[in-house]
Amino acid sequence: MIGELKFAGPELDEATIDGVAEVLRSGQLSSGPWVRRLEADLSAFCGGRPVRVLSSATAAVEVALQLAGIGPGDEVITSASSFFTVLNMIVKVGAKPIFVECDLVTRNIDLAQVEAAITSATRAIMPTHYPGALVDMDALYGLARRHGLRVIEDAALVIGSRWKGSNIGAFGDLVTFSFHPNKNITSIEGGALVVTDESEARRAEALRFHGITYLPDRTRDVAFPGGKFNLPDVNARIGCAQLERLPEFLTKRRRLVDRYFQRLTSDPPCVLPPRPQSRSDDDYSWNMFCILLPLERMNMNRRQFRDALEARGIATGMSYEALHLCTLGRQHGGREGRFPNAERIARETVTLPLHTGMSEADVDRVCSAVIEVIAGSRR
Ligand SMILES: *Cc1c(COP(=O)(O)O)cnc(C)c1O
């Protein structure tokens, strides 16, 4: 019997587990020296820009919106194809989400549609980067500058992706990362926010911890309602160890993706992620390998396809639903037919297994199963 292949998951080494035990024995359980160390390491990774860690990327997005002063009456433009975080946090701070279409293959936000959606109420653009291609950063920031808009990059999936030689996070405006166990590096739960200067970093610290600031006599004051989004040291300890291993994780992921591109040729074909020109040209984080199923030419639905893979011991995921069509999205004007690419992705996408615990033989096994199930269902 072959083992069950999960579709995502972290790689934690024994040294990290021992490190966590040390933190637990130290008695320093909430945020302390390991949080400061992780922030310093992330800042170095982001070209020296200030970074603050939080309890999740979702918290980081909420704090980013607050830092940008976004609230009732403001519009934020975002992709109809992304994770619920972006929709939820825009609505939570009282702003209005304005959805636009994404590209079918890269799945990144369509910047021409962003420009067309700008109104006098627009305050920010919130693009999600996909792991096999980045949003065009020159075009994005050109647009933001021309219209005086803030940018909040949802970089949850792309720690380790590079744009023209620079790490994502090392330039630009506000950038958020996730350290959920399914991302490229983990702190179990956790996230980070890259900000533009030290005064913004200090406000982010207050926003993540009750809104507390210190008066000159060291008594505490609260001037705005902060949250409780600090990261415990145990998590930061794991995050530090993971960040050190990121280059190794990236190399491994890129090798597995290379194998997927070599082996995944079904008939009828799936829509695959954008293929790098060459391995040396692969600047991407490859957090996920998502395909679109040729459902129109299959006599099974996605659920049945996923069940057939599951029966072969292969777990799959689904990313992402169309945000404008969930109940909350519909409450903000979302309707069927508005964004054909985002809607097609929501219907046909499947996330194949991709994580550093896999071998190239595992990729071959997944590809054979996909090819076989699709061939068996051809109509
Ligand atoms: C995972 C993810 C998030 C949320 O990250 P958390 O750390 O779980 O809050 C946000 N956006 C995208 C695109 C994600 O994949």
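## An aromatic cluster

F83, F84, Y130 and Y320 come together as one aromatic cluster. Rings of Phe, Tyr and Trp (its six-membered ring) pair if their centres lie within 6.5 Å; planes under 30 degrees apart count as stacked, over 60 as edge-to-face and the rest as tilted. This is a predicted model, in which local features need pLDDT of at least 70 and side-chain atom pairs count only at pLDDT 80 or more, while totals for chains, interfaces and linings use all residues. Residues are numbered from 1 along each chain as its sequence is written, and side-chain values use heavy atoms, with hydrogens and water left out.

The structure holds 7 aromatic pairs. One of them joins F83 and Y320, a tilted pair at 5.7 Å centre to centre with 50° between the planes. F83 lies in the loop between β2 (75-79) and α4 (84-92), and Y320 in the loop between α9 (302-311) and α10 (327-331), so the pair ties together parts that are 237 residues apart in sequence. Here helices (H or I, at least four residues) and strands (E, at least two) are DSSP runs, numbered from the N terminus. F83 is partly exposed, with a relative accessible area of 39%, whereas Y320 counts as buried at 10%. Those words have set limits: buried means under 20% relative accessible area, exposed over 50%, and partly exposed in between (1.4 Å probe, protein chains only).

W286 and F289 also form a tilted pair, because their ring centres are 6.1 Å apart and their planes at 35°. Both W286 and F289 are buried.

## Charges over rings

Rings can also have a charged partner. A charge sits over a ring if NZ of Lys or CZ of Arg is within 6 Å of the ring centre and within 35 degrees of the ring normal. The charged end of R218 is placed this way over the ring of Y214, 4.4 Å from its centre. R237 lies over the face of W34, with 4.7 Å to the ring centre.

## Strands with two covered faces

In a regular strand the side chains alternate between the two faces of the sheet. Strand β9 (residues 191-194) has both faces covered: G191 and L193 on one side, and A192 and V194 on the other, are all buried. Two strands pair if DSSP finds at least two bridges between them. Strand β1 (residues 51-54) runs antiparallel to β9 and is joined to it by 4 bridges, with R52 having L193 as its bridge partner. Strand β8 (residues 174-178) is likewise antiparallel to β9, again with 4 bridges, and F177 has A192 as its partner there.

Now for strand β13 (residues 349-352). T349 and T351 point one way from this strand, V350 and L352 point the other way, and all are buried. Its antiparallel pairing with strand β12 (residues 289-292) extends over 4 bridges, and C290 stands opposite T351.

## Salt bridges

A salt bridge is a side-chain nitrogen of Lys or Arg within 4 Å of a carboxyl oxygen of Asp or Glu. The whole structure has 22 salt bridges. In one of them, R208 and E39 meet at 2.9 Å, N to O. This pair links distant parts of the chain, with R208 in helix α7 (residues 198-208) and E39 in helix α2 (residues 33-45), 169 residues apart. Both R208 and E39 are buried.

R303 and D307 form a salt bridge with their closest N and O atoms 3.3 Å apart. They are separated by about one helical turn, because they are 4 residues apart in helix α9. R303 counts as exposed at 59% relative accessibility, and D307 as partly exposed at 38%. Another bridge joins E372 and R312, whose closest N and O atoms are 2.7 Å apart. E372 lies in helix α12 (residues 360-376) and R312 in the loop between α9 and α10, so this pair ties together parts that are 60 residues apart in sequence. E372 is partly exposed at 46%, as is R312 at 34%. Salt bridges also link E11, D13, R245 and E248 in a network.

## A nonpolar surface patch

L12, I17 and I188 make a nonpolar surface patch of about 230 Å². Patches are made of residues with over 30% relative accessible area and no salt bridge: like charges are joined within 9 Å, nonpolar side chains (Val, Leu, Ile, Met, Phe, Trp, Tyr) within 5 Å. The accessible areas come from the Shrake-Rupley method with a 1.4 Å probe, and for residues only the protein chains shown count as cover. I17 is in helix α1 (residues 14-26) and is partly exposed, with a relative accessible area of 42%.
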